[in-house]
Amino acid sequence: MEELNCETAFTIPLFGGIDISESVAVTWIIMAVLVLASVLLTRHLKVENPGKGQLMLEMAVSSLHDMVGEMVGEKGRQYIPYLVTVLVYIGVANIIGLFGFKPPTKDLTVTIALAVMSIILIEYSGIHARGTKGWIKSFAEPVAIMTPFNILELVIKPLSLCMRLFGNVLGAFVIMELIKQVVPAVIPAAFSLYFDIFDGLIQAYVFVFLTSLFIKEAVE
């Protein structure tokens, strides 16, 4: 239970002290690493005669772009950069436990924030594609009696996104901590390949897949 508590990493001495939680501090570390990696990897890009490193980078970016593009559809391609960014962030956040950090996605407030951001984008995409009147009319589809249920979906969608990500990451974290307590050091390393890497990346994919699916529904 002590491992599950969201501890304060440090306090900013402003307005009487602002406590920064461990999940926020780790998120800032992830952001800094990703920004630094982006700067370093794109410093010497060439149009002609690119090196092997640039070709591998372009292949990785194109693969992510195409994968998310297939999920969100042709009409939602303008949202691909955001979705790829979220995919990379959640993927790194889920596997950062390998480096001794607690995954920020095991903090409910982090998954709530991600879910709220996604649902805002989903509803914005519907308004942008249909117009405000068309978006409001969509709540009465396919028949007017469905309006209360369609409005309820505004709460259900982010809740499902949030709890699915939070539950899976937290469950994997708890299982790994229990395994470390009862078995030798070699066995947790084997389980880590699944819980910390494979399952973590799968959860990142599922979160972005569902967000993309909801956007696709909203714009088509």
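The structure holds two cavities of 30 Å³ or more. This is a predicted model, in which local features need pLDDT of at least 70, side-chain atom pairs count only at pLDDT 80 or more, and totals for chains, interfaces and linings use all residues. Residues are numbered from 1 along each chain as its sequence is written, and side-chain values use heavy atoms, with hydrogens and water left out. The largest pocket has a volume of about 520 Å³. There are also three aromatic pairs.

**How the spaces are defined**

- Rolling a probe the size of a water molecule over the atoms shows where empty space is left.
- On a 1 Å grid over the protein atoms alone, a cavity is a set of points where a 1.4 Å probe fits but cannot get out.
- A pocket is an open set with protein on both sides within 12 Å along at least five of seven lines, and lining residues have an atom within 4 Å of a point.
- Grid points are joined across faces, edges and corners, and a volume is the space filled by probe spheres set on the points.

**Second largest cavity**

- This cavity holds about 40 Å³ of space.
- Its lining consists of Leu161, Arg164, Leu165, Gln203, Val206, Phe207 and Leu210.
- Helix 5 (147–182) and helix 6 (186–219) each supply at least two of the lining residues (helices are DSSP runs of H or I, at least four residues, numbered from the N terminus).
- Helix 6 gives the most, with four residues.
- Five lining residues are nonpolar, one is polar and one is charged (Ala, Val, Leu, Ile, Met, Phe, Trp, Tyr, Cys and Pro count as nonpolar, Asp, Glu, Lys and Arg as charged, and the others, Gly among them, as polar).

**Largest pocket**

- The largest pocket is lined by 17 residues, and Ser38, Val61, Leu64, Val84 and Val88 lie nearest its centre.
- Helix 1 (22–41), helix 2 (52–72) and helix 3 (80–95) are the elements that give two or more residues to this lining.
- Helix 3 gives the most, with six residues.
- The lining has 13 nonpolar residues, four polar and no charged.

**Second largest pocket**

- About 340 Å³ of space lies in this pocket.
- It is lined by 15 residues, of which Arg130, Ser138, Glu153, Lys157 and Ala218 are the closest to its centre.
- Helix 4 (108–137), helix 5 and helix 6 each give two or more residues to the lining.
- Helix 4 gives the most, with five residues.
- Six of the lining residues are nonpolar, three polar and six charged.
- Ser138 sits in the loop between helix 4 and helix 5.
- Ser138 counts as buried, at 17% relative accessibility (buried means under 20% relative accessible area, exposed over 50%, partly exposed in between, with a 1.4 Å probe and protein chains only).
- Apart from neighbours within four places in sequence, Ser138 is in contact with Arg130 and Asn150 (contact means heavy atoms within 4.5 Å).

**Aromatic pairs**

- The structure holds three such pairs (rings of Phe, Tyr and Trp, the last by its six-membered ring, pair if their centres lie within 6.5 Å; planes under 30 degrees apart count as stacked, over 60 as edge-to-face and the rest as tilted).
- Tyr79 and Tyr124 have ring centres 6.5 Å apart and planes at 90°, so the pair is edge-to-face.
- This pair links distant parts of the chain, 45 residues apart: Tyr79 in the loop between helix 2 and helix 3, and Tyr124 in helix 4.
- Tyr79 is buried at 6% relative accessibility, whereas Tyr124 is partly exposed at 44%.
- Trp135 and Phe139 also form an edge-to-face pair, with centres 5.1 Å apart and planes at 80°.
- Phe139 is buried, with a relative accessible area of 13%.
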